[in-house]
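Work through the exercises below with the sequence and the 3D view at hand. Each task is followed by a solution in steps.

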Amino acid sequence: SISKSAAQDLTFVIKHPLRPMKITLDTAATPKGDAAIITLTNDKGASVVLSSIGAGIVEINVPDRNGKMDDVVLGYRNISDYLYDGPTMGKTPGRYANRICHGRFTLDGKEYELPVNCGPHHLHGGPEGFQNRLWNYDIGTDSVAFTLHSPDGDSGYPGNVTAKVTYTWSDDNVLTIEYDAEADAPTPVNMTNHAYWNLDGEGSGCALRHVLQINASSYVETDDTLEPTGTLRRVAGSPMDFTEPKEVGRDIREHYDALLHGKGYDHCYAFDAYDGHSTPVKGAELYSPVSGRRLTVRTTYPGMQLYTANWLTGGTPEGRHGADYKDYDAVALECQMFPDAPNHPGFPSAILRPGERYHHVIVYELDVI
């Protein structure tokens, strides 16, 4: 493998004799220092481009039903725009992805205060969250591992945390993301990937015609500030129901409180098959009738935030290939622990304690039908 220290300012190719994965490394200057841009290309020519800014996804290039390659995730032309962007484009939020309401939680009898950066709430670890850090990296034969040290008191969180995110890309166009963390004191941890998917290709416009199925009969109910109430609400008979495949935008304009509060879908679905075990289960499937591309999502997490890119218009940096992104140009499928779980004992625990290992997996399988 090649680590950050061994590969500064180099461009190189790794080929493994039994697995012809091509990996290239470039660096780009940012206000926080040089960021690594790492491309993994499989034997079919499909590729994933990763960045050490927020241990993030920059591009995923896969064929449509006619074999035409397109980048199917949104991204920016200027690498520095990935720092402190509102959408958290393609990156790894943390220490706690999604919301911790009012920036407060109580753990083992002690109350902690966190910076508020999304209305009245703490979002994605705050303004200095994991997504805005330069991670260290180590390159293997078909994978890249990013690591980050989060010190005690980081954005108000207790304990030292070592976080690791490992991306593995296969010849079958399967991207596996493994999340690992250890802590020396009890602390909330919740990491996810915030890729924005458009299966017709980045910059192709509105994604509301994509067809989505979510294997969840309930979602985390929220108030008008998107604060979880602590209740799982059934989707049956409501516009929130994706238990059968339907167009993402079919019901998005319905006069329904959950949709009005978020200007679209911005809610965490609770997977029916979640059992707390380490084997990823199928959580969702996204399909484009135009391109024929299909994304199957498998995970060990209990939930998935469905976000229909409701706030991209105006203020979002220029797209990777020059596009001016608009609201609803993509769909984010963020597998994770439930939002605000530290404040809701009835939710699956998101507390990592010393001696425990935080380990979760997200699998993105891309094919055509």
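**Exercise 1. Pairing around β14**

Task: Find the bridge partner of S143 in β14, then describe the strands that pair with β14.

Solution. In β14, S143 has T168 as its bridge partner. This is a predicted model, in which local features need pLDDT of at least 70, side-chain atom pairs count only at pLDDT 80 or more, and totals for chains, interfaces and linings use all residues. Residues are numbered from 1 along each chain as its sequence is written, and side-chain values use heavy atoms, with hydrogens and water left out.

Step 1. Strands (E, at least two residues) and helices (H or I, at least four) are DSSP runs, numbered from the N terminus. Two strands pair if DSSP finds at least two bridges between them.

Step 2. Strand β13 covers residues 143-150 and β14 covers residues 161-169; their pairing is antiparallel, over 8 bridges.

Step 3. β14 also pairs with strand β15 (residues 174-183), again in the antiparallel sense, over 9 bridges. Here V161 stands opposite A183 of β15.

Step 4. The hairpin of β14 and β15 has 4 residues between the strands, and N173 there takes a positive phi near 60°.

**Exercise 2. A residue of β13**

Task: State whether F146 is buried or exposed, and which residues it touches.

Solution. Step 1. F146 has its place in strand β13.

Step 1. Its relative accessible area is 0%, so F146 is buried. The cut-offs are under 20% for buried and over 50% for exposed, with partly exposed in between (1.4 Å probe, protein chains only).

Step 2. Contact means heavy atoms within 4.5 Å. Not counting residues up to four places away in sequence, F146 touches I38, L50, S51, S52, A55, W135, N136, Y137, A163, K164, V165 and Y167.

Step 3. For a separation along the chain, take N66: it lies 80 residues from F146, and the two C-alpha atoms are separated by 34 Å.

**Exercise 3. The sheet with β22**

Task: Give the order of the strands in the open sheet of 6 strands, and name its edge strands.

Solution. Step 1. The order is β17-β26-β25-β22-β19-β20, with antiparallel pairing.

Step 1. β17 (196-197) and β20 (228-234) are the edge strands, since each pairs on one side only.

Step 2. Y196 has A332 as its bridge partner in β26.

**Exercise 4. H267 and the largest cavity**

Task: Describe the surroundings of H267, then say which residues line the largest cavity.

Solution. Step 1. H267 lies in strand β22, residues 266-270. Because its relative accessibility is 1%, H267 counts as buried.

Step 1. The side chains of H267 and T222 are joined by a polar contact of 3.5 Å. A polar contact is a pair of N or O atoms within 3.5 Å; within protein, one must be able to donate a hydrogen and the other to accept it, and residues adjacent in sequence count only if both atoms are side-chain atoms.

Step 2. Leaving aside neighbours within four places in sequence, H267 is in contact with Y219, V220, T222, L226, M240, A258, M304, Q305 and L306.

Step 3. On a 1 Å grid over the protein atoms alone, a cavity is a set of points where a 1.4 Å probe fits but cannot get out, while a pocket is an open set with protein on both sides within 12 Å along at least five of seven lines; lining residues have an atom within 4 Å of a point. The largest cavity is lined by N98, R99, V220, T222, L226, D266, H267, C268, Q305 and P339.

Step 4. β19 (218-222) and β22 are the elements that give two or more residues to this lining. β22 gives the most, with 3 residues.

**Exercise 5. The largest pocket**

Task: Which residues lie nearest the centre of the largest pocket?

Solution. Step 1. The largest pocket has a lining of 29 residues, and those nearest its centre are G86, P87, T88, L123 and H124.

Step 1. The elements giving two or more residues to this lining are α1 (257-262) and β25 (303-307).
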